[in-house]
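The briefing below takes them topic by topic.

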Amino acid sequence: MPQPWQNIEEEKYMSRLTEVFKNKALTGFLTAGDPDIESNERYIMQMVNAGVDIVEIEIPFSDPIMEGEIIQASALRALKSGTTTDKVFDLVNSIRKKSDIPIVFLTYLNPVFNYGYEKFFQQCKKLMVDGVIIPDLPYEEKTEVELIANKYDTDIISLIVNAPKERVQKIAKSAKGFIYIVPSADSTEENTQDLICTIKEVTNVPCAVGFGISTLEQAKKYAVISDGIILGSAIVRIIAQYGKNADTKIYDYIKSIKEIIQS
């Protein structure tokens with residue numbers, strides 16, 4: 001019996017990440033294997049049912065340099081529970097039997113390299129993983145990975161922080177899918193808006209703001225100035241608190257954020 005995603009034409013698949021940002025897009029994040037893969041499957045479906053437009057799944061790594069303490073702790077819990085890259089692909093396979101929701105991975109170069117670039121992105125295409133975020137892959141060195149990712153219709157998602165205008169626009173010009181905006185600890189709403197304006201001078205690729213968004217007020221504020229927001233540590237914090245019993249809490253939280261960014 002054909003799975004939901006098998007009826008989607010390749011051309012539509014290639015543009016799915018950009019397409020979902022036609023309205024304010026909400027991305028929900030969790031770390032695979034925290035507290036376990038079985039719970040992750042339920043939690044992802046709770047996110048989908050509550051209205052997320054994209055699901056971001058972290059493949060855990062022992063040195064997640066991009067994350068704060070909350071997500072670092074979740075990665076360590078996931079590794080201790082025996083989570084592997086193959087198990088994360090199995091999780092996506094289970095999700096694909098229920099939903100064609102756009103999915104992106106967040107992981108680091110080491111797990112992808114050790115798995116094998118070709119094999120990794122073959123699996124991404126097979127399971128219709130739309131994009132991969134690799135925080136420790138420098139812009140100047142991404143070609144060797146991106147050439148293989150492009151071969152398998154998987155976007156390498158660019159991260160952009162406050163930096164000199166020339167560098168910001170250089171990264172933005174080659175971005176695909178969407179651009180992940182990472183405000184610094186001292187960034188203001190105005191700083192972030194200026195950064196997005198700088199990006200929009202050279203590309204129409206959507207900009208999503210992540211990191212530190214947890215309250216309704218923050219969600220509304222950043223949704224107004226961007227094409228969408230990413231919820232990470234807030235969801236991981238709920239999972240840390242409720243473990244295998246976080247289903248309702250995740251659904252209610254996502255639902256409340258979705259309603260506020262659409263209002």
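**Briefing**

A search of the whole structure finds zero disulfides, a disulfide being a pair of cysteine sulfur atoms within 2.5 Å. The model is predicted: local features need pLDDT of at least 70, side-chain atom pairs count only at pLDDT 80 or more, and totals for chains, interfaces and linings use all residues. Residues are numbered from 1 along each chain as its sequence is written, and side-chain values use heavy atoms, with hydrogens and water left out.

- Cys207 is in no disulfide. The nearest cysteine sulfur belongs to Cys197 and is 9.5 Å away.
- Cys207 is buried, at 0% relative accessibility. Buried means under 20% relative accessible area, exposed means over 50%, and partly exposed lies in between (1.4 Å probe, protein chains only).
- Cys124 is buried too, with a relative accessible area of 0%.

**Barrel**

- Eight strands form a closed barrel in the order S1-S2-S3-S4-S5-S6-S7-S8, with parallel pairing. Neighbouring strands of this sheet are turned by 30° against each other on average, direction ignored.
- Strands (E, at least two residues) and helices (H or I, at least four) are DSSP runs, numbered from the N terminus. Two strands pair if DSSP finds at least two bridges between them.
- Strand S4 (residues 131–133) runs parallel to S5, joined by three bridges. Val132 has Ile156 in S5 as its bridge partner.
- S5 and S6 also pair in the parallel sense, over three bridges. Here Ile160 stands opposite Ile181 in S6.
- Strand S6 (residues 179–181) and strand S7 (residues 207–209) run parallel, with three bridges. Cys207 in S7 is the bridge partner of Ile179.
- Strand S5 (residues 155–160) is mostly covered, with five of its six residues buried.

**Helices around the strands**

- S4, H8 and S5 make a right-handed β-α-β unit. Right-handed means that, with the strands pointing away from the viewer, the path from the first strand over the helix to the second runs clockwise.
- S5, helix H9 (residues 165–173) and S6 make another right-handed β-α-β unit.
- Helix H4 (residues 69–80) lies across S1 and strand S2 (54–58). H4 runs at about 50° to S1. Axes are lines fitted to C-alpha atoms, for helices over the stretch in contact, and angles run from 0 to 180 degrees between N-to-C directions.
- Thr192 lies in helix H10 (residues 189–200). Thr192 counts as buried because its relative accessibility is 2%.
- Thr192 touches Ile181, Pro183, Ser187, Val209, Tyr222 and Ile225, not counting residues up to four places away in sequence. Contact means heavy atoms within 4.5 Å.

**Salt bridges**

- The structure holds 15 salt bridges. A salt bridge is a side-chain nitrogen of Lys or Arg within 4 Å of a carboxyl oxygen of Asp or Glu.
- Lys244 and Asp36 form one of them, at 3.4 Å, N to O. This pair links distant parts of the chain, 208 residues apart. Lys244 sits in the loop between helix H12 (233–242) and helix H13 (247–262). Asp36 sits in the loop between strand S1 (25–31) and helix H3 (37–50).
- Lys244 is exposed at 51% relative accessibility, whereas Asp36 is buried at 15%.
- Glu118 and Lys151 meet at 2.6 Å, N to O, in a salt bridge. Glu118 lies in helix H7 (residues 117–126) and Lys151 in helix H8 (residues 143–151), so the pair ties together parts that are 33 residues apart in sequence.
- Glu118 is partly exposed, with a relative accessible area of 31%. Lys151 is exposed, at 53% relative accessibility.
- The side chains of Lys142 and Glu146 form a salt bridge at 3.7 Å, N to O. Lys142 is buried at 8% relative accessibility, and Glu146 is buried at 12%.
- Arg16, Arg96 and Asp130 belong to one network, joined by salt bridges that share partners.
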